[in-house]
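The sequence and structure come before the details.

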Amino acid sequence: MVLYLKEFKIKWGMVIDLDRCTGCGACMVACQAENNIAPPVDASDKRYSLTWMLVYQLSNKQPYPNHDVAYMPRPCLQCGKPNCVPVCPVIATDKNQEGGIVSQVNARCIGCRYCMAACPYHARYFNWQDPVWPEGMEKTLTPDVSTRPRGVVEKCLFCHHRYMYARDKARIEGRDPNALNEGDYIPACVEMCPTGAMVFGDLENPEHKVHKLSKSPYAFRLLERLNTKPQVYYYSKREWVRKQGDNYLEHETVGGV
């Protein structure tokens, strides 16, 4: 399969304002609960932990009083040219549905982990253990999200089931499901962010806030020069933060003003 940029009329995307993010982790908790990710047996063992959304801490590495930090939430970046897709031998992952979300069909996955090796963002996770919830907690599972057995790869899907809800709701209300209003479809992480650092919408729709933010000179994409064309953008007015978004050398300049 040839790796090329797939274009869509609707392109769901996210802009994360790193100047607003406090690193509270609410997005991680919301993602775990919404997508039926079981509590880890040992959360301190990162070899086996499973978190579709992960918050990284960035530092300008300057001594006090010039020290500064930023927090970078990292979901699956839903690349326009996803490296994970062509390496999958059983087509368990693909990017073909309108909206541009990279799918993951767990029933097809054979656990070879080629997709994990191909992903430059480490956004895919291998399920080493069968999911187990504390007694009573299984009653809180999201009914429209299947649990996954051990031996398969998992990843963020932008809460795809919520997309399906929004489309069904539009049909019931007599609206076009292919022309959702801003706010009709929002992933759990965005909904739960207490600072409003995460904005979600159609990157191709000029009326959506996410479209405008993605065009800002302060917007950037993670490892931009890999040319994977992620549908997740980051935003910061701090140059050192934008610089850490890619492997810039000290003498190189970054975008922004």
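## Pockets

Ala 38, Pro 39, Asn 127, Gln 129 and Pro 131 lie nearest the centre of the second largest pocket, which has 17 lining residues. A pocket here is an open set of points on a 1 Å grid over the protein atoms alone, with protein on both sides within 12 Å along at least five of seven lines, and lining residues have an atom within 4 Å of a point. The space in this second largest pocket is about 260 Å³, where a volume is the space filled by probe spheres set on grid points joined across faces, edges and corners. Its lining consists of 10 nonpolar, 4 polar and 3 charged residues. Nonpolar covers Ala, Val, Leu, Ile, Met, Phe, Trp, Tyr, Cys and Pro, charged covers Asp, Glu, Lys and Arg, and the others, Gly among them, count as polar.

The model is predicted: local features need pLDDT of at least 70 and side-chain atom pairs pLDDT 80 or more, while totals for chains, interfaces and linings use all residues. Residues are numbered from 1 along each chain as its sequence is written, and side-chain values use heavy atoms, with hydrogens and water left out.

The largest pocket holds about 340 Å³. It has 19 lining residues, with Met 28, Gln 32, Ile 37, Ala 38 and Pro 40 closest to its centre. Helix α1 (residues 26-34) gives the largest share of this lining, 4 residues; helices (H or I, at least four residues) and strands (E, at least two) are DSSP runs numbered from the N terminus. By class, 13 of the lining residues are nonpolar, 5 polar and 1 charged.

## Cavities

There are 5 cavities of 30 Å³ or more, a cavity being a set of points where a 1.4 Å probe fits but cannot get out. The largest cavity has about 120 Å³ of space. Among its 14 lining residues, Cys 76, Cys 79, Cys 84, Cys 119 and Arg 124 are the closest to its centre. The lining comprises 10 nonpolar, 2 polar and 2 charged residues.

## Strand β8

In strand β8 (residues 232-235), Val 232 and Tyr 234 point one way and Tyr 233 and Tyr 235 the other, and all are buried, meaning under 20% relative accessible area with a 1.4 Å probe and protein chains only.

β8 pairs with strand β1 (residues 12-17) in the parallel sense over 4 bridges; two strands pair if DSSP finds at least two bridges between them. Val 15 stands opposite Tyr 233. With β7 the pairing of β8 is antiparallel, over 2 bridges, and Phe 220 has Tyr 234 as its bridge partner.

Key: Buried means under 20% relative accessible area, exposed over 50%, partly exposed in between (1.4 Å probe, protein chains only).
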